[in-house]
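Work through the exercises below with the structure open beside you. Try each task before reading its solution.

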Amino acid sequence: MKFIKVMKEEELPIGKSAIISAGDKEIALFNYKGKYYAITNTCPHRGSPLGEGRIEEGIVICPNHEWRFRLLDGANMQNPELFIPTYPVKTKNENIYIGLEAEEGNIAYGKKASNLPSSLKFSIPTIQKPRNPDEELD
Ligand code: FES
């Protein structure tokens, strides 16, 4: 996994967030109660920046229509099948690093990895993005 240095720890005090562009990804990085969390910045509903959302009890609330995602694993609080990508965060020498591959099991804008035997997995569609987000939830 490739980790990139994104900023110094002192630049992201507790309660602050930052939006990081890395290649084609936009990642929202939060310092929530002294711990760092990185999730996709793009809300799967209408694409609003989750990095500008507020946090309650470890849940980031999209600034636009208030969809809610758990920082820890990207789980959507309204739809148990919807997860957004989360990214590993490390610190070293007072710098913050983000791993650029999304955590395994959190498939981008799709359903959580299935526990079915691998031979059956082909029958589970892997959705990169909801074609029409309104169909997925609402
Ligand atoms: S864009 Fe995030 S809830 Fe609508």
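**Exercise 1: asparagine 31**

Explain why asparagine 31 counts as partly exposed.

Solution. Asparagine 31 counts as partly exposed because it has 19 C-beta neighbours inside 10 Å. By definition, a residue is buried if 20 or more other C-beta atoms lie within 10 Å of its own, exposed if 12 or fewer, and partly exposed in between, with C-beta atoms placed from the backbone.

The model is predicted: local features need pLDDT of at least 70, side-chain atom pairs count only at pLDDT 80 or more, and totals for chains, interfaces and linings use all residues. Residues are numbered from 1 along each chain as its sequence is written.

Strands (E, at least two residues) are DSSP runs, numbered from the N terminus. Then list its contacts (C-beta atoms, placed from the backbone, within 7 Å). Leaving out residues up to four places away in sequence, asparagine 31 touches Leu12, Pro13, Ile14, Gly15, Lys16 and Tyr36. Finally, take serine 17: it is 14 residues from asparagine 31 in sequence, and the C-alpha to C-alpha distance is 6.2 Å.

**Exercise 2: the sheet that holds S3**

Find the order of the 4 strands in the open sheet, and its edge strands.

Solution. The order is S2-S3-S4-S8, with antiparallel pairing. Two strands pair if DSSP finds at least two bridges between them. Strand S2 (17-22) and strand S8 (86-87) are the edges, as each pairs on one side only. Between S3 and strand S4 (residues 35-40) there are 6 bridges, and the two run antiparallel.

**Exercise 3: the largest nonpolar core**

State how many residues the largest nonpolar core has, and which element supplies its largest share.

Solution. A nonpolar core is a set of buried Ala, Val, Leu, Ile, Met, Phe, Trp, Tyr and Cys residues joined through C-beta atoms within 7 Å. The largest one has 22 residues, and those with the most contacts inside it include Ala28, Leu29 and Phe69. S3, S4 and strand S10 (95-99) each supply at least two residues of this core. Its largest share, 4 residues, comes from S3. Alanine 28 touches, among others, Ala38, Ile39 and Leu50.

**Exercise 4: the sheet of 3 strands**

Describe the open sheet of 3 strands.

Solution. Its order is S5-S6-S7, and the pairing is antiparallel. Strand S5 (54-56) and strand S7 (68-70) are the edge strands. S5 is joined to strand S6 (residues 59-61) by 3 bridges. Arginine 54 stands opposite isoleucine 61 in S6.

Conventions. Contact = placed C-beta atoms within 7 Å.
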